[in-house]
Amino acid sequence: MIIEGRVHKYGDNVDTDVIIPARYLNTTDPARLAAHCMEDIDASFVSSVKPGDIIVGGMNFGCGSSREHAPLAIKGSGVSFVLAKSFARIFFRNAINIGLAILECPEAVDGIRDGDTVEIDVDTGVITNKTTAERFTAQPFPPFLQKIIAAGGLMASIAAGKGARG
Amino acid sequence: MGMTITQKIIARHAGLASVKAGQFVECALDLVLGNDITAPIAIEEFEKCGAGRVFDPAKVALVPDHFTPNKDIAAATQCARMRRFARSHDIVNYFEVGQMGIEHALLPEMGLVVSGDAVIGADSHTCTYGALGAFSTGVGSTDMAAGMATGRCWFKVPAAFNFRLTGRPGPYVGGKDVILHIIGLIGVDGALYRSMEFSGEGVGALTMDDRFTIANMAIEAGAKNGIFPVDEQTLAYVREHSDRSPVTEAADSDAEYEKTFSIDLTQIPLTVAYPHLPSNTRPVAEARDVPIDQVVIGSCTNGRFSDLRAAADVLRGRRVAKGVRAIIIPATQRIYLKAMKEGLLETFVEAGCAVSTPTCGPCLGGHMGILAAGERAVATTNRNFVGRMGHVESEVYLAGPAVAAASAVAGRIASPDEL
């Protein structure tokens with residue numbers, strides 16, 4: 001799968017409280033969550049984000065709470081991909097589990113600016129900054145995780161496993 | 001190569017003789033936890049996949065503690081959803097308002113977690129139970145749904161850091177100062193994906209409540225879990241609270257630790273974390289002239305009885321400074337009752353504090369103490385991110401209960417010695 005989008009770039013330690021503040025956690029509806037995505041770090045995000053856009057973050061993206069509302073809000077806002085230098089571990093699991101595409105690639109993050117247009121080949125991990133024509137390659141996920149991703153998330157992979165056994 | 005404490009617990013729950021860092025395994029779970037914010041999504045996922053019944057109604061715990069007592073209609077609706085699910089699945093460990101406490105204080109108190117367990121919870125502070133020598137870690141709602149359906153969870157076996165503790169904490173210094181000091185040392189992603197394992201003779205100088213506070217904030221250093229070795233104190237705690245038998249796992253002598261940090265507890269000062277990261281720490285002695293509007297003493301980090309006692313010892317015979325709102329939140333009903341019987345609540349009310357029923361409330365900016373623009377709080381909670389306790393232009397300073405109480409009296413960040 002090839003993804004292309006415009007980049008919204010943020011720094012290190014983007015926490016789940018700024019991705020979706022707790023005051024909005026009294027709903028589980030992705031569209032209502034998306035209406036407040038990134039609100040406390042970037043008030044213009046909701047009005048400027050377009051379907052297919054890409055979020056680029058630094059170290060420890062998604063740190064803090066376990067709230068799955070954070071990747072749900074990002075996905076609900078139409079963002080197609082999150083690229084970071086590293087992810088906080090619960091956000092990492094949640095993104096894989098709900099089928100939000102992510103990759104870790106510190107070099108690419110350093111080579112991408114806010115507003116750049118970036119193309120990502122999700123299968124090979126090749127990341128192309130179309131604005132600068134620079135190219136980077138992320139480490140692909142281990143086979144264990146690729147199986148969950150290919151199944152369309154954790155629950156789908158469990159259902160598939162049951163089918164195979166049953 | 002030997003195994004760490006965490007690796008041994010994971011291996012046993014995966015049915016393997018040994019595991020090593022980086023390996024993917026699937027573990028049987030002793031407990032799956034969710035709260036009123038995370039469980040509704042898990043329930044949706046659980047029902048969508050047609051799982052039928054939960055794997056074991058005695059091994060799922062549902063605790064409505066975040067936006068409860070219901071703060072608004074939307075929160076009430078989420079709680080109602082969880083309550084219906086609990087009833088229809090005969091969930092043994094569902095705790096209604098009135099019996100409810102903050103989940104990570106409640107579950108050990110109810111004896112639902114013992115040494116050697118493997119536990120997941122759809123709440124990042126699930127790592128708290130590492131104090132008991134259990135492997136416990138926070139996950140998201142979908143992992144919780146899968147856990148409820150199958151009783152299993154996948155893990156990447158973590159590498160580990162060893163924190164070798166020596167000495168004894170000084171006056172007023174507690175678990176909060178120790179963990180803030182460590183997070184200040186290694187950073188908010190300093191232990192990313194790893195176990196933080198504590199060892200050394202200094203462990204014996206820490207109370208169980210200190211250990212709960214320290215393990216609770218392992219996530220604030222990015223860790224998968226924080227875990228303590230099991231000693232006499234742990235076993236006494238488990239005996240007092242649970243009918244279940246603990247399993248004691250000790251690290252092998254040749255266990256692999258990526259790094260070992262030597263921490264002399266004697267040298268740790270009363271510590272405060274400035275906005276907007278828990279790693280932004282300073283000794284309280286350097287934090288003069290920071291006027292405050294609110295103090296919160298409570299949360300899964302520091303709402304236990306010894307925390308309340310530490311606060312009451314500072315507040316007894318004193319008054320909260322004019323213009324400061326001090327909010328005290330016992331973490332569970334049992335703690336609330338004990339604080340009442342021992343006169344702590346009276347001390348708080350006489351000092352001019354508000355005392356609340358158990359709730360996570362203000363810690364995550366939910367309710368019961370939200371900050372306005374420009375306001376500043378000293379809180380015994382666990383996060384001081386932008387907007388965490390309210391307005392995006394408010395500030396949270398993290399500290400232990402003695403410092404929080406002293407700050408309430410002084411009207412600025414202060415140590416108890418200054419009063």
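Contact here means heavy atoms within 4.5 Å.

## Basis of the model

This is a predicted model, in which local features need pLDDT of at least 70 and side-chain atom pairs count only at pLDDT 80 or more, while totals for chains, interfaces and linings use all residues. Residues are numbered from 1 along each chain as its sequence is written, chains are lettered from A and ligands numbered from 1 in the order in which they are written, and side-chain values use heavy atoms, with hydrogens and water left out.

## Asn382 of chain B

Leaving aside neighbours within four places in sequence, Asn382(B) is in contact with His125(B), Asn216(B), Met217(B), Glu220(B), Pro278(B), Cys300(B), Thr301(B), Cys363(B), Arg388(B) and Leu398(B). Asn382(B) sits in the loop between strand 17 (376–379) and strand 18 (395–398) of chain B. Helices (H or I, at least four residues) and strands (E, at least two) are DSSP runs, numbered from the N terminus.

Is Asn382(B) buried or exposed? Buried means under 20% relative accessible area, exposed over 50%, and partly exposed in between (1.4 Å probe, protein chains only). Asn382(B) has a relative accessible area of 0%, so it is buried. The side chains of Asn382(B) and Thr301(B) are joined by a polar contact of 2.9 Å. A polar contact is a pair of N or O atoms within 3.5 Å; within protein, one must be able to donate a hydrogen and the other to accept it, and residues adjacent in sequence count only if both atoms are side-chain atoms.

## Two other buried residues

Val188(B) belongs to the loop between helix 6 (175–186) and strand 9 (195–199) of chain B. Its relative accessibility is 8%, so Val188(B) counts as buried. Apart from neighbours within four places in sequence, the residues in contact with Val188(B) include Asn13(A) and Asn60(A), as well as Glu220(B), Leu277(B) and Pro278(B). Val188(B) and Pro278(B) are 90 residues apart in sequence, and their C-alpha atoms are 6.9 Å apart in space.

Ala70(A) is in helix 4 (residues 69–76) of chain A. With a relative accessible area of 0%, Ala70(A) is buried. Beyond four places in sequence, Ala70(A) is in contact with Thr16(A), Ile19(A), Ile20(A) and Phe91(A). Ala70(A) and Val18(A) are 52 residues apart in sequence and 9.0 Å apart in space, C-alpha to C-alpha.

## Helix packing

Helix 2 (residues 39–48) and helix 3 (residues 73–88) of chain B pack at an angle of about 50 degrees, with their axes 9 Å apart. Axes are lines fitted to C-alpha atoms, for helices over the stretch in contact, and angles run from 0 to 180 degrees between N-to-C directions. Helix 2 of chain B and helix 3 of chain B are therefore oblique to each other. Angles under 35 degrees count as roughly parallel, over 145 as roughly antiparallel, 65 to 115 as roughly perpendicular and the rest as oblique.

Which relation holds between helix 5 of chain A and helix 5 of chain B? Helix 5 (residues 89–98) of chain A and helix 5 (residues 141–150) of chain B pack at about 70 degrees, with axes 8 Å apart. They are therefore roughly perpendicular to each other. Arg93(A), Asn94(A), Asn97(A) and Ile98(A) meet Ser141(B), Thr142(B) and Asp143(B) there.

## Backbone exceptions

Most residues other than glycine have a negative phi, and most peptide bonds are trans. The peptide bond from Thr68(B) to Pro69(B) is cis, with omega near -15 degrees. Pro69(B) is in the loop between strand 3 (60–63) and helix 3 of chain B. Another cis peptide bond runs from Pro275(B) to His276(B), with omega near 0 degrees.

Asp90(B) is not a glycine, yet has a positive phi of about 55 degrees. Asp90(B) lies in the loop between helix 3 and strand 4 (93–94) of chain B, and is exposed at a relative accessible area of 52%. Tyr172(B), also not a glycine, has a positive phi of about 70 degrees. Tyr172(B) is partly exposed, with 43% relative accessibility.
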